[in-house]
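The sequence and structure come first.

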Amino acid sequence: MPEFTYVAQDKDGKEKKGNIVADNAQNAVEMVSAEGLVVLSVKEANILTKNIDITIGNATKPRDLSVFCRQFVSMLSAGVTVVAALDMLSGQTENKYMAKAIVQVRQDIMKGETLANAMGRHPKVFPDIMVNMIRAGEASGKLEIAFERMAEHFEKAAATASDYSCNC
């Protein structure tokens with residue numbers, strides 16, 4: 001599928017630029033508009049404007065995942081929809097690679113995909129254990145509990161990793 005670059009304005013008049021994967025330019029406009037933005041321009045990305053993903057090693061750290069899970073739990077507990085939570089989290093996430101994956105997960109969910117399947121398409125960002133726990137949470141209706149347990153798991157993993165780091 002082709003990638004498009006866009007320039008849009010949010011409700012506060014702030015300009016936003018980004019890239020989006022869509023079947024065609026019209027679909028790209030519809031997807032950006034669905035995010036509450038006013039599209040100013042859309043064109044097919046070329047080698048100079050395309051987002052190039054270069055990652056060495058793991059794209060996400062356990063700390064990134066624990067923060068993501070904790071924030072997701074808080075939003076779900078507050079009654080925020082999954083789509084709205086993903087929208088907010090994509091803007092709050094400092095890891096750009098993870099933020100891009102969250103945007104794509106949100107787009108897949110809006111197309112009718114389950115959260116677990118959408119996350120499973122990004123194995124460098126969301127590990128299998130997380131995808132499988134989310135799948136179980138969706139099936140049981142206990143998505144908040146699944147995210148809570150994943151937050152605890154990744155917090156322990158982050159603590160263990162920091163225990164072994166050394167400034168040698």
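A residue counts as buried when its relative accessible area is under 20%. The model examined here is predicted.

S66 sits at 1% relative accessibility and is therefore buried, given the cut-off of under 20%. The residue belongs to helix α2, which spans residues 62-77. Leaving out residues up to four places away in sequence, S66 touches A151, F154 and E155.

D108 is part of helix α4, residues 96-110. With a relative accessible area of 14%, D108 also falls under the 20% cut-off, so D108 is buried. The two residues are set side by side below.

| Residue | Helix | Relative accessible area | Contacts beyond four places in sequence |
|---|---|---|---|
| S66 | α2 (residues 62-77) | 1% | A151, F154, E155 |
| D108 | α4 (residues 96-110) | 14% | E113, A118, R121 |

Which side chain makes a polar contact with the side chain of D108? The partner is R121, at 3.2 Å. R121 is also among the residues that D108 touches. As for V83, 25 residues from D108 along the chain, the C-alpha atoms of the pair are separated by 10.0 Å.

The largest pocket has a volume of about 750 Å³. It is lined by 23 residues, and Y6, K16, K17, S90 and V103 are the closest to its centre. Two or more lining residues come from each of β1 (3-9), β2 (15-21), α3 (82-92) and α4. By class, the lining of this pocket comprises 7 nonpolar, 8 polar and 8 charged residues.

Notes
Residues numbered from 1 in each chain as written. Predicted model: local features only at pLDDT ≥ 70, side-chain atom pairs only at ≥ 80, totals over all residues. Heavy atoms only, no water. Buried < 20%, exposed > 50% of the residue type's maximum accessible area, 1.4 Å probe, protein only. Contact = heavy atoms within 4.5 Å. Polar contact = N/O pair within 3.5 Å; in protein donor to acceptor, adjacent residues only side chain to side chain. 1 Å grid on protein atoms, 1.4 Å probe; cavity = no way out; pocket = protein on both sides within 12 Å on 5 of 7 lines; lining within 4 Å. Points joined across faces, edges and corners; volume = space filled by probe spheres on them. Nonpolar A, V, L, I, M, F, W, Y, C, P; charged D, E, K, R; others polar.
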